[in-house]
Amino acid sequence: KVKSRTYYGWKDADAYYAYKSRLIKDIVDNKKDLLDASIDTNATTGLEIQERVIEMETNADLLGYTGIETFDNAVGGFHRKEMGVIQAGSGVGKTRSAAGMIAYPILKNGYNVLHLSLEQAPTRVYSLYLARHILEQHGTIKNMSDGDLMKSKYDPKYEGLVQEGYISLQGEGMGKLLIEGRSLKATELIAYLDDADSRFPFDVVIIDYYTQLGSTKIETK
């Protein structure tokens with residue numbers, strides 16, 4: 001038993017200690033930023049803790065808001081070094097929400113987005129961003145969804161508007177977008193992100209979607 005969790009058998013125990021060993025190695029190799037701060041109520045006053053909380057949280061690097069007031073008031077926007085999970089059933093719009101509600105506003109603020117697509121082709125994912133961009137620029141237009149854009153089902157009179165969207169989505173003031181379709185194992189993810197960052201310094205990464213990462217070993221699940 002480790003704290004509140006029970007591990008059954010030597011395989012579970014081995015996986016737990018293998019994970020902890022890698023964690024310690026990552027910290028020693030400066031791959032994890034876990035040893036840079038602590039709060040000790042035996043040594044730190046409540047006022048000092050309050051000052052640290054305010055300093056850290058108010059100075060956090062804000063990347064963007066969704067634009068949905070009730071959601072943004074609850075979540076407080078998206079900041080650097082945060083991780084969020086969109087959890088829902090199949091086909092209900094997780095990718096569309098990640099692209100349109102989270103990644104696009106961050107792009108619009110001039111930050112770079114890496115969208116790692118583990119299920120869909122990059123062309124399909126890009127159409128989500130393009131549809132959101134056209135909506136932002138011109139408001140709601142009939143037959144201008146991402147599916148319509150992929151299959152060119154929109155009214156031909158809007159062709160110029162669509163072409164302008166392709167150009168302005170990567171225009172001045174916008175961050176850069178890298179969409180990569182990959183098939184990855186869970187054990188390959190960190191190396192992939194390190195490589196991607198060397199090629200394309202990103203401010204936020206969308207992992208779409210996480211459970212598609214191949215994993216057979218218990219310690220990587």
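Predicted model: local features only at pLDDT ≥ 70, side-chain atom pairs only at ≥ 80, totals over all residues.
**Exercise 1. Describe the overall make-up of the chain: its helices and strands, their pattern, and its buried share.**

Step 1. Count the elements. The chain has eight helices and five strands.
Step 2. Read them along the sequence. The pattern is α-α-β-α-β-α-β-α-α-α-β-α-β.
Step 3. Check burial. Of the 221 residues, 32% count as buried.
Step 4. Check contact range. Take contacts between residues at least 6 apart in sequence; 62% of these join residues at least 24 apart.

**Exercise 2. Work out how helices H5 and H7 are oriented and which residues meet.**

Step 1. Recall what is needed. The angle between the axes and the distance between them describe two packed helices.
Step 2. Get both values. H5 spans residues 122–138 and H7 spans 159–168; their axes come within 10 Å and cross at roughly 105°.
Step 3. Classify the angle. Angles of 65 to 115 degrees count as roughly perpendicular, so H5 is roughly perpendicular to H7.
Step 4. List the partners. H5 brings Tyr126, Leu130, His133, Ile134 and His138. H7 brings Leu161, Val162, Glu164, Gly165, Tyr166 and Ser168.
Step 5. Sort by class. The contact of H5 with H7 has six nonpolar, four polar and one charged residues.

**Exercise 3. Characterise the second largest pocket by volume and lining.**

Step 1. Size it. The second largest pocket holds about 220 Å³ of space.
Step 2. Find the lining. There are 13 lining residues; Ala131, Arg132, Leu135, Met144 and Ser145 lie nearest the centre.
Step 3. Assign the helices. H4 (94–108) and H5 each supply at least two lining residues. H5 gives the most, with five.
Step 4. Sort by class. The lining divides into six nonpolar, four polar and three charged residues.

Terms used: Residues numbered from 1 in each chain as written. Heavy atoms only, no water. Axes fitted to C-alpha atoms, helices over the stretch in contact; angles between N-to-C directions. Helix = DSSP H or I, 4+ residues; strand = E, 2+ residues; numbered from the N terminus. Parallel < 35°, antiparallel > 145°, perpendicular 65-115°, else oblique. Contact = heavy atoms within 4.5 Å. Nonpolar A, V, L, I, M, F, W, Y, C, P; charged D, E, K, R; others polar. 1 Å grid on protein atoms, 1.4 Å probe; cavity = no way out; pocket = protein on both sides within 12 Å on 5 of 7 lines; lining within 4 Å. Points joined across faces, edges and corners; volume = space filled by probe spheres on them. Buried < 20%, exposed > 50% of the residue type's maximum accessible area, 1.4 Å probe, protein only.
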